[in-house]
Amino acid sequence: MANVGKIAVIGLGSMILVVGASYGLAKIGIIPVKNLAKHNKMAASSLHAIGLYNAPKSKPAAAVAVDPLAEQKKDLNDQKAALDAERTALQNQAATHVKLAASAAPATAPLDPKELARMASVYEQMPADTASKIFAKLPDDQVIALLRKMDEKKVGEILAIATPERAARLTMNLSRAPAPTPDHATNTL
């Protein structure tokens with residue numbers, strides 16, 4: 001039995017020597033364990049357990065392209081949205097002011113013919129640009145009444161300075177017959 005023990009020790013020693021040498025050669029890359037592990041999953045897990053093989057990390061199926069300017073683009077879009085909202089609010093506010101101003105405008109009182117003639121004379125003496133600036137602040141009906149009492153040359157100078165839209169509107173109204181006033185109304189009795 002002593003011989004059986006010696007044979008077992010020699011066999012076991014030889015096996016340890018072969019396994020150790022194989023391990024060392026695999027560790028330094030002389031034995032290609034990667035090829036073996038690629039073809040045999042069981043061998044791959046065994047080699048991984050003893051530290052000879054590390055499975056390659058799987059790459060993501062589709063790498064998402066990262067835009068380096070994505071954050072700046074998002075910030076700019078946010079700022080644009082805020083500015084658009086502010087613009088809309090200001091436009092709504094301006095429209096509200098126009099509506100309020102139109103509804104709060106007092107009805108113009110009938111003009112006194114004597115005062116109208118006097119004021120027309122005053123405006124005729126002014127430079128056309130000064131008179132035009134004042135007329136820009138008056139309602140159209142009052143400006144038309146004044147222009148009807150003024151010299152035609154002066155009226156032309158004032159209309160030439162006015163905005164084209166207002167000059168056209170005033171010209172159209174000047175070409176119409178004046179509305180009858182209580183002083184010029186005729187009695188049909």
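**Briefing: a helix crossing and a buried lysine**

The crossing of helix H7 and helix H9 is right-handed, and it belongs to a model that is predicted. The axes of H7 (residues 140-149) and H9 (residues 164-174) come within 10 Å of each other and cross at roughly 65°. Across the chain the pLDDT averages 81, with 83% of the residues scoring at least 70.

**The contact of H7 with H9**

- On the side of H7, the residues that take part are Asp140, Val143, Ile144, Leu147 and Arg148, and they meet Arg166, Arg169, Leu170, Asn173 and Leu174 in H9.

**Lys154 in helix H8**

- Lys154 is found in helix H8, which spans residues 152-161 and has the highest confidence in the chain, at a mean of 94.
- Lys154 counts as buried because its relative accessibility is 12%, and buried means under 20%.
- When its neighbours within four places in sequence are left aside, Lys154 is in contact with Tyr123, Glu124, Met126, Pro127 and Ala128.
- A polar atom of the Lys154 side chain lies 3.5 Å from the backbone oxygen of Glu124.

**Where to read with care**

- Confidence is lowest in helix H2 (residues 33-39), with a mean of 76, when the chain is considered.
- Over residues 185-189 the pLDDT stays under 50, and the model has zero contacts beyond four places in sequence for these residues.
- Where pLDDT is low, the predicted coordinates should not be read in detail.

Conventions: Residues numbered from 1 in each chain as written. Predicted model: local features only at pLDDT ≥ 70, side-chain atom pairs only at ≥ 80, totals over all residues. Heavy atoms only, no water. pLDDT = per-residue confidence, 0-100. Helix = DSSP H or I, 4+ residues; strand = E, 2+ residues; numbered from the N terminus. Contact = heavy atoms within 4.5 Å. Axes fitted to C-alpha atoms, helices over the stretch in contact; angles between N-to-C directions. Left-handed = near helix turned anticlockwise from the far one by under 90°. Buried < 20%, exposed > 50% of the residue type's maximum accessible area, 1.4 Å probe, protein only. Polar contact = N/O pair within 3.5 Å; in protein donor to acceptor, adjacent residues only side chain to side chain.
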